[in-house]
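Visitor: I am new to this structure. Could you show me how to read some of its features?

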Amino acid sequence: MYVRPKKRLGQHFLTDMSVAQRIAAALSVSYCNKTLEIGPGTGVLTQFLLAREDIELCAVEVDSESVEYLKVEFPQLNLIEADFLEMNFEGEFFERFNVVGNFPYNISSQIFFRILENRNRVPEVVCMLQREVAVRLAAGPGGRDYGILSVLLQTYYDIEYLFTVSEGVFNPPPKVKSGVIRLVRNSRTELPCDELLFFKIVKATFNQRRKTIRNSLKSLFPQLSSEHKYYSLRPEVLSCDQFIELTQWVENQIKD
């Protein structure tokens with residue numbers, strides 16, 4: 001049975017077994033063994049995850065053609081036909097689970113926002129995505145790659161860029177290289193500030209990243225009257241902890 005890659009789903013099926021094996025091996029399962037593969041497609045990565053005796057694997061696939069193929073090729077696979085972005089994580093398996101997969105380029109950011117929403121359930125993520133995005137997520141403060149998702153994810157996860165994957169190992173080949181990263185949940189259980197306000201400030205400042213913090217915050221909170229020591233800086237130089245500090249200050253200012 002041949003599964004046709006579908007452009008509308010952003011499907012680029014991995015064909016290189018050695019790359020799939022490296023991705024499967026990169027998952028440490030140090031925190032739990034339950035693992036959810038997002039978008040297994042034709043199961044190139046799935047086969048190596050199933051071969052690991054230390055992993056209890058479940059896969060979620062939205063493409064019905066891929067689901068039919070996977071049921072035939074991997075009858076032992078716990079397979080859910082659903083859209084990860086719309087899943088309701090209920091049941092014993094989803095109390096705590098790792099995430100692994102070759103993420104579709106067109107929805108990778110949305111996948112990470114869902115992971116953020118469920119960060120206390122997801123201790124580890126190993127994934128392949130567009131190299132430019134992978135570099136951005138792992139980037140530290142001070143460079144142009146550092147952005148909204150860098151800050152939000154690094155607030156709760158330690159992120160490591162693992163390796164680059166060339167265009168030629170996919171069907172069909174994408175126009176850009178891919179990158180594999182690993183995210184491991186850090187010890188931060190909650191923020192010492194209003195979380196929604198933190199998210200709002202990070203997004204607002206990076207959406208106007210050429211402006212200083214002062215200009216971004218003044219347009220967002222006109223009632224701010226005093227000055228903060230980060231006001232003359234641009235958002236890309238602030239660490240996660242500094243964004244938390246800034247949020248605490250704004251929180252106190254707008255309460256007055």
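Guide: Gladly! One idea to start with: a residue counts as buried when its relative accessible area is under 20%. Keep in mind too that this is a predicted model.

Visitor: Is V29 buried or exposed?

Guide: V29 has a relative accessibility of 13%, so it counts as buried. You will find V29 in the loop between α1 and β2.

Visitor: What should I look for in the backbone?

Guide: Most residues other than glycine have a negative phi, and most peptide bonds are trans. Here V29 has a positive phi of about 45°, although it is not a glycine. There is also a cis peptide bond, joining N171 and P172, with omega about -10°. P172 sits in the loop between β8 (170-171) and β9.

Visitor: In what order do the strands of the open sheet run?

Guide: The seven strands follow the order β4-β3-β2-β5-β6-β9-β7, and the pairing is mixed. At the edges are β4 (78-81) and β7 (157-165), each of which pairs on one side only. On average, neighbouring strands are turned by 20° against each other, direction ignored.

Visitor: How many bridges link β2 and β5?

Guide: Four bridges, in the parallel sense, pair β2 (residues 34-38) with β5 (residues 98-102). For L36, the bridge partner in β5 is V99.

Visitor: Which strands does helix α1 lie across?

Guide: Helix α1 (residues 17-26) lies across β5, β6 (124-130), β7 and β9 (178-185), and it runs at about 165° to β7. Helix α3 (residues 64-73) packs on the sheet as well, touching β3 (56-61) and β4, and its direction makes about 165° with that of β4.

Key. Residues are numbered from 1 along each chain as its sequence is written. This is a predicted model: local features need pLDDT of at least 70, side-chain atom pairs count only at pLDDT 80 or more; totals for chains, interfaces and linings use all residues. Side-chain values use heavy atoms; hydrogens and water are left out. Two strands pair if DSSP finds at least two bridges between them. Helices (H or I, at least four residues) and strands (E, at least two) are DSSP runs, numbered from the N terminus. Axes are lines fitted to C-alpha atoms, for helices over the stretch in contact, and angles run from 0 to 180 degrees between N-to-C directions. Contact means heavy atoms within 4.5 Å. Buried means under 20% relative accessible area, exposed over 50%, partly exposed in between (1.4 Å probe, protein chains only).
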